[in-house]
Each structure stands twice: as structure tokens, then as C-alpha cells.
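Welcome! Have a look at the sequence and the fold below, and then let us walk through a few places together.

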Amino acid sequence: MSMYLLYESSSGYGLFEAHGLDEIGQNTEAVRSSVSDLDRFGRVVQLTAFHPSESALDALNQINAVSEGYMSDELRSFLELNLPKVKEGKTPKFSLGVSEPKIGSCIFEATKIPCQSNEFVLELLRGVRQHFDRFIKDLKPGDLEKAQLGLAHSYSRAKVKFNVNRVDNMVIQAIFMLDTLDKDINSFAMRVREWYSWHFPELVKIVNDNYLYARVSKIIEDKSKLSEDHIPMLTEILGDEDKAKEVVEAGKASMGQDISPLDLINVQIFAQKVMDLSDYRKKLYDYLVAKMSDIAPNLAALIGEMVAARLISHAGSLTNLAKCPSSTLQILGAEKALFRALKTRGNTPKYGLIFHSSFIGRAAAKNKGRIARYLANKCSVASRIDCFADSSTTAFGEKLREQVEERLEFYDKGVAPRKNVDVMREVLESLETKDEGKATAGEASEKKKKRKSEEKDGEEEGEKSKKKKKKSKAVEEELTKDNGHSNKKKKKKTKSQDDE
């Protein structure tokens, strides 16, 4: 029984015939040892046919078909042309060795060609792969490597199918950057306070906010130059005229040391840097909120943008978070406490990152664990909807948030909450009515357009009929005039004849 080998390369399909297997051995170990020897291997495995790819796009389509386990039309025609025909009712005297069992079953179902995929066949195909450039004589040195590299890049790009607006990596980087900026701004602001307090120590007690302190120190500069003219500017920054007057009075009676102009310039530059970082932090937060509305709108509506972004970042991606069960999501961020509790056989943690949600803070101490478990359940549902839904909407997240609110009331007042099935049915019905409303609005607009077009057509037809009527009236008038003139002439003629 003869054996053929199907080899899928980056440059096309290759069909090899394996005959005289006794020379290299019938077992896997014998083939493995003889693969390195091309002379010995080339006597057994010989090229039967080669079908090159027409273009890079064609090669990508073929390799996608092979990886997904179905046979393309090109592969089918290639096999039917170069393999012996399989007669109905008779067992074929050959078999086809393939590397993937899925494509083998697909070929057998379509063409009734028997296929096999085992270690023996894989070792033979490994030898074919190793010496493939020697079998194809028209290939130049380096052509096969270039084709493999180009196909690998295009195949990888095609497999990474993503929506540009739903790239969760941007959220992960943004939340990391926000945390880093918070630490840096706090440390830099403390440095500005310590630096400028040498010159104006009383300002720290009056202005507590770091950002406002940097702005005020930038305006004041030298405390000895403080006057009543600075009050409007300080009022605009602080939002309180009394505080502005207090700053001016404190500057006049300050116990701080004098500072040189060069030192003051350095303090001002550093304060400006802190202000710039704070402004950038606000812009980055707005960017994060906007990205969360695209990537995970329901999760953000349920638990807030910051906590949702931290959950996605800790899980690694939105897909990983959607795959997590609610019990895992509940303690995300508290892994150290969990393993310590398991090691010491203590109490396991009740919550991790979801502790920053306002729901757990509003719950009573005895209900914090229960509300954390319930909230993790709803977060798991919301993340799966965001990850696998085709269209983005916040309807599910808002309803899940209402459910958590109802559960809090149930723990406090005993009010029975709605069932999850009823809530989800309400959301689906509301979405269906919205879609129907859009459809009816579209139909109504089309009907209006049709009516307008019909009215225009009617008006045009009316104008045409009016014009026709006018023309017909004019013609009739002309005919009547002509008839009148002819009658008068006839009367004159008859009168003249009577006179004669």
C-alpha cells in the first residue's frame, strides 16, 4: 500500500510519495535517525507535484483554511489531479499522510481519500520540511525564508482581530500611569511645600491642597512684595476672598527667611512642573473615562471607571477578567492575604480591589462580606457582557447597579429585591423597543420622503395639466376666431348676391 504525504509550506502545497520504506525503516525511531541523511531519505520520499501560491494573499487564505480545519477548492483540485482516483465500493490502495487530523477528516469526507496522521507520518513530514528547499529546484537561496517570514507576519496580524476602540491595553497603561502620577505628584508637592516653607512657612496652614499651594506660591514669589493688589488673583485661585486676605496678612507678618532670586526661580520652576503634572493627570483621567465607556461600559456603569480599570489591569485583559469566576474576581488584589490565610489556616479575605467601590463602604460591618460576594457576581456578569457583546451599551450595567442598591436596602430594611431574570428581561425588552423605535423612525422618514416625492410628482402633473388646458383653451379661442371671420365673410357674400 503506497503512501503520499501532503506538506503545506509558505510557498504552496507539496505532494510527496513515500515508497520503499524498508530502506529507512517502518518505525518512528528508524525514520528519525535517517531524516538527517538526504541521500538516504531522498531515495524513499520523492516529490510528486507542487502547487505554488499565486500571491501572498492566496498563501494567507490557504494557511487559514488549513489551520481552521477545512479544505479549500485549490487543495481539493490539487489532490484530485495528482492522486489516484478513488472508485466507489472499492478500498483505495493508497493513503495520504497529513500533519493535522482535522484537515485529514475534512479531506476524507469530501473526496473519500483515506488520511492518516500519526508519529510515523509526522517524522516523515519533518524530513520533508528539513529538505524542502532541495526538492524544489526552482527556489533560490533565501526565498523560502522570506516567504515564511512574510506569511508568519500576515497570519499573526490576521489572527489578532480586534476593534481599535476596544483595546484594553490602553486602559491598563492609563491606570498604571495614573497611579504613578499620583505618587509622583504627592512626593513633588511635599518637596515644594518644604522648599517654599523656608521662605513662607505660614502658607502651609492656610492652603492645604497641593495643587493650590503650588499655584499660590507661583503667584506670590517673594513674600515681601505681597500687597492688596494680589488679593483678586489669590481670590480667583483659592475661591475665597477671606483666605486671600489671610495670605496677604500672613505674608506681611511672616517669620520665614529671606530667599535669593536664584533660589526663588528654582522653586517657581519646580512648582510649575507640579502644576503641569496635575493638569496632565486630569487629562489622563478624562481619557481613561472615555476609553472605559468604549471598552467596558457596563462594568464602568456598575462599579465606576477607576475600580473597573484596576480590575482589568490586575486580570491582564478584559477577556481574562471575563473568564474569572465571581469568587476569583471578589479577591482580585488580595492574593497575598489569601495565601497567608491558607498557610496559617486563618480567615480568608472577603474583598480585594472591589473594596474601593462605594457599595462596600455603605454596607454595615456584618454585611460587607455578603455585599462583596454579590457585587463580585454582578461584576462578573457585566465583564462578560462587555467582552462578548457585539454592541456596546450601558443598559445592563445600570440595571445591575440598581440590583446592588436593592440588595443593600434588603440588608438594611428587609425590602425584597427583584429577581435577576426579571431585570435582564426588562433590559432586553427596552433594547428591543429602542431598535424597533429606530426602525420605525427610519420607516417614517422613508414614508415622508415618498410622500414628498409623490406630492412633487402630483404638483408637476398638475402644472403640466394646467399648461395643457391653457394651450387647449388658446387653440379653441383661435379656432372660434377663425370660424367667426369665415362666417362674416360668408354673410357678406350672400348679401352681395342678394343685392345683385
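## Two helices side by side

At what angle do the axes of helix α9 and helix α14 cross? In this predicted model, the axes of α9 (residues 168-197) and α14 (residues 261-295) cross at roughly 155° and come within 9 Å. An angle over 145 degrees counts as roughly antiparallel, and α9 and α14 are therefore roughly antiparallel to each other.

The crossing of α9 past α14 is left-handed. Sorted by class, the contact of α9 with α14 has 26 nonpolar residues, along with three polar and five charged ones.

## The whole chain

Stepping back, the chain has 500 residues, and 36% of them count as buried. Its secondary structure comes to 23 helices and five strands.

How much of the contact in the chain with a separation of 6 or more comes from residues 24 or more positions apart? Such residues account for 66% of those contacts.

Now to helix α12, which spans residues 231-238 and has Ile231, Leu234, Ile237 and Leu238 as its buried residues. These four cover an arc of only 125° around the axis, which puts them on the same side of α12.

After α12 comes Gly239, with a positive phi near 75°.

His230 sits in the loop between α11 and α12. Is this residue buried or exposed? Its relative accessible area is 15%, and the cut-off for buried is under 20%, so His230 counts as buried. Leaving out residues up to four places away in sequence, His230 touches Ile219 and Lys225.

Val248 belongs to helix α13 and is buried, with a relative accessible area of 1%. Again leaving out residues up to four places away in sequence, Val248 touches Leu226, Ser227, Glu228, Ile231 and Leu234. Two of these contacts, Ile231 and Leu234, are among the buried residues of α12. Val248 and Asp229 are 19 residues apart along the chain, and their C-alpha atoms are separated by 9.6 Å.

Notes: Residues numbered from 1 in each chain as written. Predicted model: local features only at pLDDT ≥ 70, side-chain atom pairs only at ≥ 80, totals over all residues. Heavy atoms only, no water. Buried < 20%, exposed > 50% of the residue type's maximum accessible area, 1.4 Å probe, protein only. Arc of directions from axis to C-beta. Axes fitted to C-alpha atoms, helices over the stretch in contact; angles between N-to-C directions. Parallel < 35°, antiparallel > 145°, perpendicular 65-115°, else oblique. Left-handed = near helix turned anticlockwise from the far one by under 90°. Nonpolar A, V, L, I, M, F, W, Y, C, P; charged D, E, K, R; others polar. Contact = heavy atoms within 4.5 Å.
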